[in-house]
Amino acid sequence: QVQLVESGGGLVQAGGSLRLSCAQSGRTFNRYAMGWFRQASGKEREFVAAISWSGGTTLLVDSVKGRFTISRDAKNTVYLQMNSLKPEDTAVYYCAADTRPVYEFKGDYWGQGTQVTVSS
């Protein structure tokens, strides 16, 4: 059974930080690009960040550059470090894995999502 399990969401004040984690179980995605999408209430899901299977290439949407970083460890747990959070970052954040190269990241496998709420 393929599973991606997110954790680390919560409520934080504007300017604060959170770190999201995405752990794998059942099947390893060691050769897959990994990343994060988010979906705010009433809006479409949007790409946030992705990292290549080697960890050598990372992509970030312009709105989070300079504030968020994505990384992965040897166990293929993927992290999204979110600093200087803004109320507009409020959304459900979804971890995803993709068989495509990181520059074509769209998400083949998905986690259940974790809520991030940033208060003003």
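This is a predicted model: local features need pLDDT of at least 70, side-chain atom pairs count only at pLDDT 80 or more; totals for chains, interfaces and linings use all residues.

Reader: Thanks! With that cut-off, is Arg67 buried or exposed?

Author: Arg67 sits in the loop between strand 6 (58-60) and strand 7. Its relative accessible area is 10%. Buried means under 20%. Because of that 10%, Arg67 counts as buried.

Reader: Which side chain makes a polar contact with the side chain of Arg67?

Author: Setting aside neighbours within four places in sequence, Arg67 is in contact with Gln81, Met82, Asn83, Ser84, Leu85, Lys86 and Asp89. The polar contact between side chains, at 2.7 Å, is made with Asp89.

Reader: Let us turn to the overall fold. How many helices and strands does the chain have?

Author: Read from the N terminus, the elements run β-β-β-β-β-β-β-β-β-β-β. The secondary structure therefore comes to 0 helices and 11 strands.

Reader: What is the radius of gyration, and what would a compact globule have?

Author: The C-alpha atoms fill a box of roughly 40 × 25 × 25 Å along the principal axes. For 120 residues, a compact globule would have a radius of gyration near 14 Å. The chain agrees with this, at 13 Å.

Reader: Which element gives the largest share of the largest nonpolar core?

Author: This core has 24 residues, and Met34, Trp36, Val48, Phe68, Leu80, Met82 and Tyr93 touch the most other members. Strands that give two or more residues to the core include strand 3 (18-25), strand 4 (33-39) and strand 9 (91-98). The largest share, 4 residues, comes from strand 9.

Reader: Which residues does Phe68 contact, leaving aside its neighbours within four places in sequence?

Author: Phe68 is one of the core residues that touch the most other members. With those neighbours left aside, its contacts are Arg38, Val48, Leu60, Leu80, Gln81, Met82, Asn83, Leu85, Asp89 and Tyr93.

Reader: How many residues does the second, separate core have?

Author: Ala33, Phe37, Ala50 and Phe105 are among its members. The count for this second core is 7 residues.

Reader: Is the disulfide of Cys22 and Cys95 left-handed or right-handed?

Author: A search of the whole structure finds 1 disulfide, and it joins Cys22 to Cys95 with an S to S distance of 2.0 Å. Both cysteines are buried. The torsion about the S-S bond is about -80°, so the disulfide is left-handed.

Reader: How many residues apart in sequence are the parts that this pair ties together?

Author: Cys22 belongs to strand 3 and Cys95 to strand 9. The pair therefore ties together parts whose separation in sequence is 73 residues.

Reader: One last point, on strand 3: which residue of strand 8 stands opposite Ser21?

Author: Strand 3 runs antiparallel to strand 1 (residues 3-7), with 5 bridges, and on that side Glu6 stands opposite Cys22. Strand 3 also pairs with strand 8 in the antiparallel sense, over 5 bridges. In that pairing, the residue opposite Ser21 is Tyr79.

Technical notes
Residues are numbered from 1 along each chain as its sequence is written. Side-chain values use heavy atoms; hydrogens and water are left out. A nonpolar core is a set of buried Ala, Val, Leu, Ile, Met, Phe, Trp, Tyr and Cys residues joined through side-chain atoms within 4.5 Å. Buried means under 20% relative accessible area, exposed over 50%, partly exposed in between (1.4 Å probe, protein chains only). Contact means heavy atoms within 4.5 Å. A disulfide is a pair of cysteine sulfur atoms within 2.5 Å. Two strands pair if DSSP finds at least two bridges between them. The radius of gyration is taken over C-alpha atoms; the globule rule is 2.2 Å times the number of residues to the power 0.38. A polar contact is a pair of N or O atoms within 3.5 Å; within protein, one must be able to donate a hydrogen and the other to accept it, and residues adjacent in sequence count only if both atoms are side-chain atoms.
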